[in-house]
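Hello,

Here is the structure I said I would pass on. Please look through it first, then read the notes below.

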Amino acid sequence: MVSSFSASIATWSARRRGAARVAAVSLASGLAVAGAFVTAGPAAADETAPSSGGATATMDGLKTYGAAVLRTDGQEQQLTAGLFEMFVDGGGTLQTYCVDVQNPTQKDAKYQETPWSGTSLGANEEAGRIRWILQNSYPQVNDLAALAAKAGAKGLTEQDAAAGTQVAIWRYSDGADVTALDPEAEMLADYLEKSARSLAEPAASLTLDPSAVSGRAGERLGPVTVHTNADGVTLTPPSEATAAGVKVVDADGEAVISAGDGSELYFEVPEDTADGSAELTVQASTTVPVGRAFASDTRSQTQILAGSSASTVSATATANWAEKGAIPALSAEKNCAEGGLDVTAANQGDEPFTFELMGISYTIDAGETRTVTIPLQEDQAYDFTIKGPNGFAKRFRGVLDCRTETEAGASGDSVQTLSEPSPATVGGNAVADSGADLAETGSSGATPVIGGIAIGLVVIGGTAMIILRKRNP
């Protein structure tokens, strides 16, 4: 929850690192399968932005913040730094800090809970230290007197605590040479930076694995495993699926009424069911783990979770069935380590499944699962459809956003910027109603700000190197 910053910045000096201790994350509440829909006959074209499940939220704005100074190439820029607030679809609120100092945060941008591997954190060796900072500072630690004592500060306001925490995060997320303007906030930032130790990425609030299965009519398709921090799962079979005879069952074929983390679910499809597909949506009310990343396909600044109320989270799994022939199941996930999109194709039919992507043909043998990594440029938009037998079609679309602007600039990529008025005055805790929260720049609070939005939507085309990796079905 820091200010959104749009600064055209080049290199940043990395800062010192150290060690300390970690706090546990507590998560709770119940799940409910909201529904599933079954389509008889050929599977319809599917429009999908890659998602691993979890919370979906809308950015509201910067709420609690102070001032910071960013130094680059001998110049100084004054920024707002602190906590953002987002509203969760279906209910709940999230508090976040940003992990991409140079990009703007767009008000009302949609965000999806995302694995670190799908963001700039995936390639950042210091990401685990950011999680430690989140767990050991404001707002997870709301005893500001105790926090000030640890940092050696005389005292901390909420604005100081938010600004100091954001500054410490930027030093690890962006390698930024940045300091808090308030001396007490700066002492907190130094303490957090020096004390931080690396922690593992937190688990998702809710996922279904795998998110796509396939098989013949007359079989149980799956399993689909529930992974969640919620206490329990309640399944409500949809009327559409019941009418078609398709049920969600356990490994013994018993209709599922309740389940929990680790439960395995199956789609039971009667033998005489026409070729078709079903989609199961699972919802939960739970606390999203601190340290989960949130990304937006609108190129709004990547966020990392600092606090969560009980919030609605969801995940979906699809099933595709046929009587014979190739029976594909497709899913996709951003892979920032490889700089592309992983498309996983499984075939549980009795014939090979062949599809074409970017002018290259791929064949998935019966019983095989294969992952194709499609290389993409940073900020590149993608939109493609993979087709199969019996009218099967699966569409994938989104934008690859894997690097901070500092990393992009270091690689020689050019960044276009847009100028916007400052959304907030340093030192307050209200955000003006503007399209983006931008960094304040210049020598005083009255200086205009320059905002930058990286633009690079490029149509997929030409020939590209495709990386293939085998996965167990």
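Two strands pair if DSSP finds at least two bridges between them. Strands (E, at least two residues) and helices (H or I, at least four residues) are DSSP runs, numbered from the N terminus. The model is predicted, so local features need pLDDT of at least 70 and side-chain atom pairs count only at pLDDT 80 or more, while totals for chains, interfaces and linings use all residues. Residues are numbered from 1 along each chain as its sequence is written, and side-chain values use heavy atoms, with hydrogens and water left out.

Strand β7 covers residues 110-114. Three bridges join β7 to strand β17 (residues 293-295), and the two run antiparallel. In this pairing Thr114 stands opposite Ala293 in β17. β7 also pairs with strand β3 (residues 56-72), again in the antiparallel sense and over three bridges. Here Ala57 is opposite Tyr111 in β7. Four of the five residues of β7 are buried, where buried means under 20% relative accessible area, exposed over 50% and partly exposed in between (1.4 Å probe, protein chains only).

Next, helix α2, residues 144-151. Its buried residues are Leu144, Leu147, Ala148 and Ala151. Seen down the axis of α2, these fall within an arc of 100 degrees, so they line one face of the helix; the arc is that of the directions from the helix axis to the C-beta atoms. The face turned away from the buried side carries the exposed residues Ala145, Ala149 and Lys150. Among what covers the buried residues of α2 are α3 (158-173) and α4 (183-195), with contact meaning heavy atoms within 4.5 Å. After α2 comes Gly152, whose phi is positive, near 80 degrees.

Regards
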